[in-house]
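This report describes the fold and side-chain packing of one protein model, for a reader who wants the criteria stated beside the values. Please look at the sequence and the coordinates before reading on.

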Amino acid sequence: MGTLCFTATVSLDGYAADASGGFQWSAPGEEVFDFHVERMAAVSAEVLGRRAHELMTYWLEDDPTWGDAEREFAVRWRDLDRVVASTTLTAEAVAPTGARLVSDLDLDALARIVADADGEVEIFGPTTAAPAISAGMVEHFRLFVVPRIVGGGLRALPDGASAALELVEQRVFEGGTTLLHYRSVASGAPR
């Protein structure tokens with residue numbers, strides 16, 4: 001049985017993308033990227049929406065300009081059980097990427113994905129994660145807070161969601177990005 005985790009890079013005012021949909025301001029520096037590579041060792045499955053899936057296809061083919069960290073991230077990404085939640089994509093469109101399509105990611109379908117996983121199931125993207133966050137299904141929240149205020153856009157956490165959380169890890173990276181890792185107190189997940 002896996003654990004459901006939400007990881008997001010956010011502005012100081014809580015947005016994953018700015019008002020124009022941009023998120024280039026959130027690109028990780030080398031130290032943060034290296035941390036992502038290491039934490040991927042615990043992740044066994046990734047659930048993502050259409051846009052995130054399309055963005056992450058970048059990692060499916062090697063790029064000769066990559067360094068060691070990028071190559072290692074790509075290997076770990078390719079080894080994940082990747083589930084794409086989309087009502088607009090087809091199974092035929094997703095199959096060449098090695099992912100599988102779930103056209104209706106309701107809470108029961110997500111619970112089955114988590115139950116079948118051997119490790120962490122990371123749900124990627126605020127829109128895809130919102131129902132699970134609102135339902136209290138997310139056990140771990142990893143927020144990488146970038147020292148930037150964007151003033152509006154796509155909120156990382158859904159309005160109306162409520163959860164009691166316990167801080168289990170914090171770290172400040174070069175450049176001021178700060179990891180805040182919280183565990184849901186109600187989840188009973190091991191520390």
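The model is predicted, and local features are given only at pLDDT of at least 70, side-chain atom pairs only at pLDDT 80 or more, while totals for chains, interfaces and linings use all residues. Residues are numbered from 1 along each chain as its sequence is written, and side-chain values use heavy atoms, with hydrogens and water left out.

## The sheet

Helices (H or I, at least four residues) and strands (E, at least two) are taken as DSSP runs and numbered from the N terminus, and two strands are said to pair if DSSP finds at least two bridges between them. On these terms, eight strands make an open sheet with mixed pairing, in the order S5-S4-S3-S6-S1-S7-S10-S9. Strands S5 (100–102) and S9 (165–172) stand at the edges with a single partner strand each, so one side of each has no neighbour in the sheet. Direction ignored, neighbouring strands of this sheet are turned by 25° against each other on average, where axes are lines fitted to C-alpha atoms and angles, in general, run from 0 to 180 degrees between N-to-C directions.

Strand S1 pairs with S6 in the parallel sense over four bridges, and seven bridges join S1 to S7, also in parallel. Phe 6 has a bridge partner in each of these strands, namely Ile 123 in S6 and Phe 141 in S7. S9 and S10 form a hairpin with five residues between them, and Gly 175 in the turn has a positive phi of about 90°.

## Cores

A residue is called buried under 20% relative accessible area, exposed over 50% and partly exposed in between, with a 1.4 Å probe and protein chains only. Seven of the nine residues of S1 are buried. A nonpolar core is a set of buried Ala, Val, Leu, Ile, Met, Phe, Trp, Tyr and Cys residues joined through side-chain atoms within 4.5 Å. The largest such core has 26 residues, of which Leu 4, Phe 6, Val 47, Leu 105, Leu 110, Val 121 and Ile 123 touch the most other members. Among the elements that give two or more residues to this core are S1 (3–11), S3 (43–49), helix H5 (107–116) and H6. Another core, of 13 residues, lies apart from it and includes Leu 48, Met 56, Trp 66 and Trp 77.

## Aromatic rings

Rings of Phe, Tyr and Trp (its six-membered ring) pair if their centres lie within 6.5 Å, and planes under 30 degrees apart count as stacked, over 60 as edge-to-face and the rest as tilted.

| Pair | Centre distance | Plane angle and class |
|---|---|---|
| Phe 33 – Phe 73 | 5.5 Å | 45°, tilted |
| Trp 59 – Trp 66 | 5.1 Å | 35°, tilted |

Phe 33 lies in helix H1 (residues 30–39) and Phe 73 in helix H3 (residues 68–79), so their pair ties together parts that are 40 residues apart in sequence. Phe 33 and Phe 73 are both buried, as are Trp 59 and Trp 66. Through ring pairs, Phe 33, Tyr 58, Trp 59, Trp 66 and Phe 73 are linked into a cluster.

## Two single residues

Thr 128 lies in helix H6 (residues 126–134) and counts as buried because its relative accessibility is 17%. A polar atom of its side chain lies 3.3 Å from the backbone nitrogen of Gly 49. Contact means heavy atoms within 4.5 Å, and, not counting residues up to four places away in sequence, Thr 128 touches Val 47, Leu 48, Gly 49, Ala 85, Leu 105 and Ile 123. H6 is followed by Gly 136, whose phi is positive, near 80°.

Ala 161 is found in the loop between strand S8 (153–155) and S9 and is partly exposed, with a relative accessible area of 32%. Leaving aside neighbours within four places in sequence, Ala 161 is in contact with Ile 133 and Ser 134.

Conventions. Polar contact = N/O pair within 3.5 Å; in protein donor to acceptor, adjacent residues only side chain to side chain.
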